[in-house]
Amino acid sequence: MKQPEAQWFQDEWRFARAAGRTFGFEVIAIGAEDGDRVLAALNTLYARFAAGFIICAPDPRLGPAIAGFARTTGLKPMSVDDRLMAADGQPIADIPYTGISAGAIGRLAGEAAAAEAARRGWSRETTGILRISFDSLDTGRERTAGAVSALHAKGYPADAVKDAPQRTSDTEGAFSAAAPVLTVNARYDRWIILGLNDETVVGGVRAAEGLSLGSADIIGVGIGGSEAAIAELAKPRATGFHASVLLSPRAHGYDTAVAMYRWITAGQAPPAVTLTSGKLLTRTNYRDVLAQEGMA
């Protein structure tokens, strides 16, 4: 996994180990934060007689090297979260992939924001849409594009969308990106804040709060259902962070591990592409939804 310290990947590993306990196989968890570590990790797995590997690479462009290693060694490969790309920039079709339907996830976030704005009686003409963007990552671009398209479908004008390009996809990077954009666009007194993940949206919300906007003037909808989102939703008083679209680390951890096991033991190859969906978490339902997903 490309970010072994991140909660999402920790949860994927946790569910993969649960699958191993159920079906009787061993899961070897290795962090691989760059290309050199990816190759070192693959060689470690080969040396330990692994039969297959599931990878979220730090750079999808490592696809040809990873695919070549799998062909040479005979290890069965799967990719998760980020799809591996060939040299021509196209997905490597013969490596099974489990990912998130980024556009659909984004649309769910946008629809949730629009519904909450309507409930509050906000005028579309006086509402700004802050898109904190990380467009170098395809998934990030697709998520925010899906959210914006959902808002356009609800009647929000294109010129209401203000982009805030971030250098890093964390809260600090989002805060730094959002603050100057909000300042320049002070004519908007209400904001919908969108981003590729929860941490990004929390950073945007904090930036808006720093400009004296209250929780009643902000609708932030994140993606991930991460600890950052839960911390916001669990606060005694509501903040501008309204909701998060929960992604399923169980599907990406447990289900992929079982699919690999069946591929190895029974020759049942996984589907070429499996896309997962999300569930909306709010202050009123997050405990129940997390319990249903085995994450409480």
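This is a predicted model: local features need pLDDT of at least 70, side-chain atom pairs count only at pLDDT 80 or more; totals for chains, interfaces and linings use all residues.

Two strands are taken to pair if DSSP finds at least two bridges between them.

**The six-stranded sheet**

The strands β5-β4-β6-β7-β8-β10, in that order, form an open sheet with mixed pairing. At its edges stand β5 (161-165) and β10 (279-281), each of which has a single partner strand, so that one side of each is left without a neighbour in the sheet. From one strand to the next, the twist averages 20 degrees.

By contrast, strand β8 (residues 241-246) pairs with β10 in the antiparallel sense over three bridges, and Leu280 in β10 is the bridge partner of Val245. Strands of a sheet pair through backbone hydrogen bonds, in either the parallel or the antiparallel sense.

How many of the residues of strand β7 (residues 218-224) are buried? Seven of its seven residues are buried, and the strand is accordingly described as mostly covered. In a regular strand the side chains alternate between the two faces of the sheet. In β7 both faces are covered, with Ile218, Gly220, Gly222 and Gly224 buried on one side and Ile219, Val221 and Ile223 buried on the other.

Helix α6 (residues 171-184) lies across β4 (127-133), β5 and β6 (190-194), and it runs at about 140 degrees to β5.

**The four-stranded sheet**

A further open sheet consists of four strands in the order β1-β2-β3-β9, with parallel pairing. Its edge strands are β1 and β9 (273-276), each of which pairs on one side only. Neighbouring strands of this sheet are turned by 15 degrees against each other on average, direction ignored. Four bridges connect β3 and β9, which pair in the parallel sense, and Thr98 stands opposite Thr274 in β9.

**Helix packing**

| Helix pair | Angle | Axis separation |
|---|---|---|
| α1 (residues 7-23) and α9 (residues 249-266) | about 40 degrees | 7 Å |
| α2 and α3 | about 15 degrees | 11 Å |

For α2 and α3, the angle of about 15 degrees lies under 35 degrees, the limit for a roughly parallel arrangement, and the two helices are therefore roughly parallel to each other. Their crossing is right-handed, and the contact is made by Val38, Leu42, Asn43 and Tyr46 of α2 together with Ile66, Phe69 and Thr73 of α3. The residues of this contact divide into five nonpolar, two polar and no charged.

For α1 and α9, which pack at an angle of about 40 degrees, the resulting arrangement is oblique. Helix α1 passes α9 in a right-handed crossing. Contributing to the contact from α1 are Trp8, Asp11, Glu12, Phe15, Ala16, Ala18, Ala19, Thr22 and Phe23, and from α9 Pro249, Arg250, His252, Gly253, Tyr254, Ala257, Val258, Tyr261 and Arg262. The residues of the contact of α1 with α9 comprise 11 nonpolar, three polar and four charged.

**Surroundings of α3**

The buried residues of helix α3 (residues 63-73) are Gly63, Ile66, Ala67, Gly68, Phe69, Ala70 and Thr73. Among these, Ile66, Phe69 and Thr73 also take part in the contact with α2. The cover over the buried residues of α3 includes α2 (35-47), β1 (52-55) and β2 (76-80). The residue that follows α3 is Gly74, whose phi is positive, near 85 degrees.

Asp81, a residue other than glycine, has a positive phi near 75 degrees, and it lies in the loop between β2 and β3 (97-100). Ser212 likewise has a positive phi, of about 70 degrees, although it is not a glycine, and this residue lies in the loop between α7 (198-210) and β7.

Is each of these two residues buried or exposed? Asp81 has a relative accessibility of 8% and therefore counts as buried, whereas Ser212 is exposed, with a relative accessible area of 70%.

Conventions
Residues are numbered from 1 along each chain as its sequence is written. Side-chain values use heavy atoms; hydrogens and water are left out. Axes are lines fitted to C-alpha atoms, for helices over the stretch in contact, and angles run from 0 to 180 degrees between N-to-C directions. Angles under 35 degrees count as roughly parallel, over 145 as roughly antiparallel, 65 to 115 as roughly perpendicular and the rest as oblique. A crossing is left-handed if the near helix is turned anticlockwise from the far one by less than a right angle, and right-handed if clockwise. Contact means heavy atoms within 4.5 Å. Ala, Val, Leu, Ile, Met, Phe, Trp, Tyr, Cys and Pro count as nonpolar, Asp, Glu, Lys and Arg as charged, and the others, Gly among them, as polar. Buried means under 20% relative accessible area, exposed over 50%, partly exposed in between (1.4 Å probe, protein chains only).
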